[in-house]
Amino acid sequence: MTLMEDARKGLITPEIRSVAELEGIDVELVRSCVAKGLVTIPKNIKGKSRAFGIGKYMSVKVNANIGTSRDFVNIDEEVDKAKAAVKYGADTIMDLSTGGDLDLIRSRIMDAVDVPIGTVPIYQAAASHKTVVDMTSDDMFNAVRKHAEDGVDFVTIHSGVNYNALERLKKGDRITNVVSRGGSFTIAWMIHNEQENPFYSEYDYLVEIAKEYDLTISLGDGMRPGCIHDASDAPKFMEFITLGELVSKARESDVQTFVEGPGHVPLNEVELSVKAMKELCHGAPLYLLGPLVTDIAPGYDHITGAIGGTLAGMYGADFLCMTTPAEHLALPTVDDIREGAIVTNIAAHAADLTREGQKEKARELDDRMAHARAELDWETQFEVAIDSEKARKIRESRNTGTDACSMCGELCAMKIVKSALEESRQKDN
């Protein structure tokens with residue numbers, strides 16, 4: 001049975017219990033949410049990953065995208081990226097490799113970390129052909145089955161990219177058209193072969209494969225906006241509607257899903273995007289790339305994504321796909337992955353401070369930091385800090401021997417007031 005099927009029968013599985021303990025949530029509440037599809041725990045029956053809960057009442061999770069390109073193939077570096085991402089706070093890893101021995105790369109990454117692993121099988125389906133339009137529908141489904149058999153926990157499938165969405169794309173005024181790589185493969189294949197997207201027309205078969213392995217389907221945002229101009233347009237909302245229909249179909253077969261969303265979205269439209277997706281997709285966990293809130297910050301898109309991700313998390317997004325300083329520019333390095341993971345974790349925690357089921361626990365950490373700062377307790381500050389290494393390095397590199405920071409030294413506001421209050425108490429006594 002799948003995890004959702006177990007949950008619907010009232011069973012408290014080890015995965016559900018583990019998630020409840022990790023999140024500090026009542027185990028029966030977790031079971032109920034899994035049964036309804038409001039919480040997803042991506043865990044293939046053939047995999048070895050730890051259980052992580054994504055969705056309602058859960059803390060906001062962070063994903064790191066890694067993987068080779070056809071221009072750069074260095075498997076050891078991708079393994080190092082996976083390890084760095086997990087070390088600095090990523091809850092899941094997606095292998096988006098398109099160059100080299102894809103089976104070997106995926107295997108090496110899965111052996112290196114114990115968090116849930118996601119992939120985009122259409123990349124492998126296209127890899128053996130000269131052009132993406134030459135792959136067959138069998139290639140697509142065989143790639144999904146291969147990844148499931150290998151123990152991948154979740155797969156991004158662009159089933160929402162269908163003729164309806166394509167027609168709206170043709171009639172629209174987008175600047176960047178389709179920026180999703182999997183979405184672009186699908187659009188090109190449909191136009192060239194004059195056929196409906198197999199992952200849409202044969203969706204029942206996809207669900208059948210997923211059920212066999214308890215594979216979570218991440219319904220991809222193939223029509224996500226690639227720039228601020230394209231945000232909140234017809235192709236995007238058409239895909240939302242389709243994804244909601246596909247979520248319902250998967251739930252009928254006890255298959256877990258989450259849905260992917262935009263993209264590039266101005267701040268004043270983030271709430272609309274998140275709440276529309278949540279409503280149209282029946283409360284399914286929502287996985288966002290960013291969203292990036294401006295187009296003019298190459299080199300800093302890990303920050304533009306974190307700004308949007310914080311707001312999205314506050315409005316109900318459950319899963320943030322980190323961006324790195326290399327976004328839109330180049331294949332990220334290990335350092336880029338580290339930077340992206342840390343910044344996105346800051347966004348996730350900031351969102352947790354506002355979320356039902358998590359804000360009390362999240363605020364305990366902020367209170368610990370506040371007390372440590374008031375007491376000039378540096379070790380506790382480093383312990384609580386999201387990036388303790390950087391915090392310690394900065395302090396130690398500029399410490400003049402005072403117990404306060406070197407910016408204020410003996411003029412430290414907290415130190416002065418603490419001394420004054422102690423003097424006041426002595427006078428009162």
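This is a predicted model: local features need pLDDT of at least 70, side-chain atom pairs count only at pLDDT 80 or more; totals for chains, interfaces and linings use all residues.
1. Let's start with the cis peptides. Pro262 and Gly263 are joined by a cis bond with omega at about 25°. Gly263 sits in the loop that runs between strand 8 (257–261) and helix 13 (267–280). Check that one by eye if you like. A cis bond also leads from Gly290 into Pro291, and here omega is near 0°. For Pro291 the setting is the loop between strand 9 (286–289) and helix 14 (301–315).

2. Next, positive phi. Asn177 has phi near 50°, a positive value in a residue that isn't glycine. You'll find Asn177 in the loop between helix 8 (163–171) and helix 9 (181–193), and with 41% relative accessibility it counts as partly exposed. Ser232 is another non-glycine residue with positive phi, near 60°. Its loop lies between strand 7 (216–219) and helix 12 (234–252). Ser232 is partly exposed too, with a relative accessible area of 22%; the cut-off for buried is under 20%.

3. Now for Asp230, in the loop between strand 7 and helix 12. What does a buried Asp230 have around it, given that it has no salt bridge? The nearest side chain of opposite charge belongs to Arg174, 4.6 Å away, while a salt bridge needs nitrogen and oxygen within 4 Å.

4. On to the salt bridges. How many does a search of the whole structure find? The count is 29. Side chains of opposite charge can pair when their charged atoms come close. One example is Lys170 with Glu167, at 3.7 Å from N to O. Both residues belong to helix 8 and are 3 residues apart, about one turn of the helix. Lys170 is exposed, at 55% relative accessibility, whereas Glu167 is partly exposed at 34%.

5. Arg338 and Asp387 form a salt bridge through their side chains, with N to O at 3.0 Å. Arg338 is in helix 15, and Asp387 is in the loop between helix 17 (378–384) and helix 18 (388–397), so this pair ties together parts that are 49 residues apart in sequence. Asp387 has a relative accessible area of 12%, so it counts as buried.

6. Glu410 and Lys415 meet through their side chains at 3.1 Å, N to O. Glu410 is exposed, at 52% relative accessibility, and Lys415 is partly exposed at 26%.

7. Last, the surface charge. Which residues form the negative surface patch? The members are Glu356, Glu360, Glu364, Asp366 and Asp367. Glu356 is in the loop between helix 15 (334–352) and helix 16 (359–374). With a relative accessible area of 54%, Glu356 is exposed.

Key:
Residues are numbered from 1 along each chain as its sequence is written. Side-chain values use heavy atoms; hydrogens and water are left out. Helices (H or I, at least four residues) and strands (E, at least two) are DSSP runs, numbered from the N terminus. Buried means under 20% relative accessible area, exposed over 50%, partly exposed in between (1.4 Å probe, protein chains only). Patches are made of residues with over 30% relative accessible area and no salt bridge: like charges are joined within 9 Å, nonpolar side chains (Val, Leu, Ile, Met, Phe, Trp, Tyr) within 5 Å. Accessible areas come from the Shrake-Rupley method with a 1.4 Å probe; for residues, only the protein chains shown count as cover. Lys and Arg count as positive and Asp and Glu as negative; His and the chain ends are not counted. The place of a charge is taken as NZ of Lys, CZ of Arg, CG of Asp or CD of Glu.
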